[in-house]
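The points below may be read alongside the sequence and the coordinates.

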There are 2 protein chains.
Amino acid sequence: MRCEVLAVGTELLLGQVVDTNSAWIGERLALAGIDCLFQGKVGDNHGRMVSALRDALDRAEAIIVCGGLGPTQDDITREAIAEVMSVELVRDENVAEAIRAMFGSRGRDMAENNLRQADVPVGATVIPQVMGTAPGLICPVGDRVIYAVPGVPHEMREMVERAVVPDLRSRGGVAATIVSRTLRTWGTAESTLAEMIADRVDAQTNPTIAFLASGIEGLKVRLTAKAPTPVEAMELLAAEEGVLRERLGPLVFGVDEETMEDAVAVQLVGRGLTLAVAESVTGGLVASRLVSVAGASNWFKGGVVAYDSEVKFKVLGVRRGPVISEECASEMAQRVADLLGADVGLAVTGVAGPDEREGQPVGTVILGMYVDGAPEAARVRLTGDRNQLRQFATISLLNMLRLRLLERGGDA
Amino acid sequence: MRCEVLAVGTELLLGQVVDTNSAWIGERLALAGIDCLFQGKVGDNHGRMVSALRDALDRAEAIIVCGGLGPTQDDITREAIAEVMSVELVRDENVAEAIRAMFGSRGRDMAENNLRQADVPVGATVIPQVMGTAPGLICPVGDRVIYAVPGVPHEMREMVERAVVPDLRSRGGVAATIVSRTLRTWGTAESTLAEMIADRVDAQTNPTIAFLASGIEGLKVRLTAKAPTPVEAMELLAAEEGVLRERLGPLVFGVDEETMEDAVAVQLVGRGLTLAVAESVTGGLVASRLVSVAGASNWFKGGVVAYDSEVKFKVLGVRRGPVISEECASEMAQRVADLLGADVGLAVTGVAGPDEREGQPVGTVILGMYVDGAPEAARVRLTGDRNQLRQFATISLLNMLRLRLLERGGDA
């Protein structure tokens, strides 16, 4: 079963809006076991839309068209599909009534052109709208099919999940359920990670295993299982996840949408510990990631952004000396914990460039930590531009604390 | 002159990476007066790439292909183009030498497959690489042309600007120059902004005027001028910019890529002032935006993230009382300036949710400022989720300081 995606809208071609819909649909199709070998973007032009649809139908059994279903005169997806189907558009009175009712319930007058959204090619099936005003369409063309969905991302997603993917799967005779889970890792190169689980990847059939490099968010290992029922698919995932976690150990910091700061929060909350941070090179980035965790006020006291060296000496009370040093970083961690009354202190200092500092090259970063009364520090060498260095330093520091707390034991 | 864009990479179809390159190229083509009527994405598959290229050449005089120029076996753009041109690939020794030299200068061993990047279809012209290892290609196909550029965005952008757009313009006989400039504004609704310059927008012919809403980065007004020479185009832009700035006054905080923190930095540096910040609800976001400005160490001392109320009282020395208050915000600003030895202090406190606090609803934000010995505060009501509230609070605070310094006068 092959399905192409066609995104409609002149604004997409002009670069005024980046089309993220096709990437999202591509991912859903892959998870559903449906091949997507080509995706296109076309403007709000009748002739070119018709021609793009015909070309796509030559290559694939199904097309998902996103956008051009709104009420205005440049929304012409309905007309283009009707021409490809060689049929007329007729007004669907049920849809028209639903549109009138929606405007009525919001107490708004309805411009007559909104009813264009109730026009349906003869032979097409309506996918009822639940979020916006434009219904979707399932349009048979011989033994092939065109799905039309809105271009507004959240409306599109809801409709693709609810109606399009299930219909595609039943047409394609795909009976299985596909479920995936992503293990998120930090602290090793992709080649090392790959080596650690090479035999599992080589033997992969179900679940399949894929690596995704995600830059400052680390490396992801995605497991995708296929089974007759969701429960069986989840069981397959859980078994393989167990094997991989055994191999990867604490390299895995989270699952799916869990962030490094979420992982740190879990460790702190489980042990009843509070945290304060002293930042130089990262300039507030560590603190701002920590407060993005809901409930941060239960364990995060705050921090000191000691960007100027005098702030390190006068506000934090660090002894005067080189600031790109293990001594400075571990003292900063201890002092900020004491000053803010926190159990645990974190600190980071380093050289983000453009010039070296204290004879240390750009990319030198010193991570400081103060846990259970013991100050410590680690030196790392990072690469990237100014902003990447700060991002890498931030996640490296959070990961250092996560590993230290895991080692420490106690409830988490 | 019509030019299509073909993005190459199976990861794009699977949704592992969102293709932002074609949108960017679409915008550059529009500015250069070249029509882009179709854009496509295809996987790393020889047959499908060849067929996508042939289809595109049927519709357009030029194609820009992004990606698939790297050293690995799945980088096959060179081979696909050679087949469409009906020619062989030959190794270009100059390119090979440049690749060897690049590895040598970084002290790295070079795997032999890197030299695949020196393979060039017979008859094609090399676009020398300046950032990565993969050169670009200009490949004539009859009276049409295929450009191949890398998929890495910053390498692609540099090459499209330097070599592709100029070549396209000369082939297309496009004699006019198109130049655009964006005025960035903060502090008013789009409808108000539109009203302030409605007559200019109505009368627009050259330059044209467009509004772009950019969320947390404010509203942009883009001017695009067309003229026989760059100098004449710049003159047209400058004249219209003068009229619009007269109308919009201090709503305009920057031009093109200038950020709010850049604007604040210019005001501070011009007056020889230093800055410190005390943050509660924003949790370090204000500081981290400020240190992203190159040279921040000349005017930014640092800050205190007073997330926990006790940090406000004990570290900053703010008098005990309600923390969601004008008194607290202005005291925080004054105290942080005193504590860190800065001329100017900024502070922000508020309620990011999920629950109200001190009887104040979610979205309540108090901005504090301390300039020339005078503490002051302003209360704003913002909307959005937790993260958006913090972002809006941050830019609102920076904008408040920018306006205060403009008012204050003195050199900037």
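1. B:Leu6 has B:Gly40 as its bridge partner in strand E2 of chain B. The model under discussion is a predicted one.

2. In E3(B), B:Leu6 is bridged to B:Val65.

3. How many of the six residues of strand E1 of chain B are buried? Six of the six are, over residues 3-8, and the strand is therefore largely enclosed by the rest of the structure. Cover is present on both faces of E1(B): one side carries the buried residues B:Cys3, B:Val5 and B:Ala7, while B:Glu4, B:Leu6 and B:Val8, likewise buried, lie on the other.

4. In chain A, attention may be given to A:Glu241, which lies in helix H9, residues 230-248. Is this residue buried or exposed? A:Glu241 counts as buried because its relative accessibility is 10%, and the cut-off for that class is under 20%.

5. The side chain of A:Glu241 forms a polar contact, at 2.8 Å, with the side chain of A:Arg245. When neighbours within four places in sequence are set aside, the residues in contact with A:Glu241 are A:Arg181, A:Leu183, A:Leu223 and A:Val255.

Definitions and conventions. Residues numbered from 1 in each chain as written. Chains lettered and ligands numbered in written order. Predicted model: local features only at pLDDT ≥ 70, side-chain atom pairs only at ≥ 80, totals over all residues. Heavy atoms only, no water. Helix = DSSP H or I, 4+ residues; strand = E, 2+ residues; numbered from the N terminus. Buried < 20%, exposed > 50% of the residue type's maximum accessible area, 1.4 Å probe, protein only. Polar contact = N/O pair within 3.5 Å; in protein donor to acceptor, adjacent residues only side chain to side chain. Contact = heavy atoms within 4.5 Å. Pairing = 2+ DSSP bridges.
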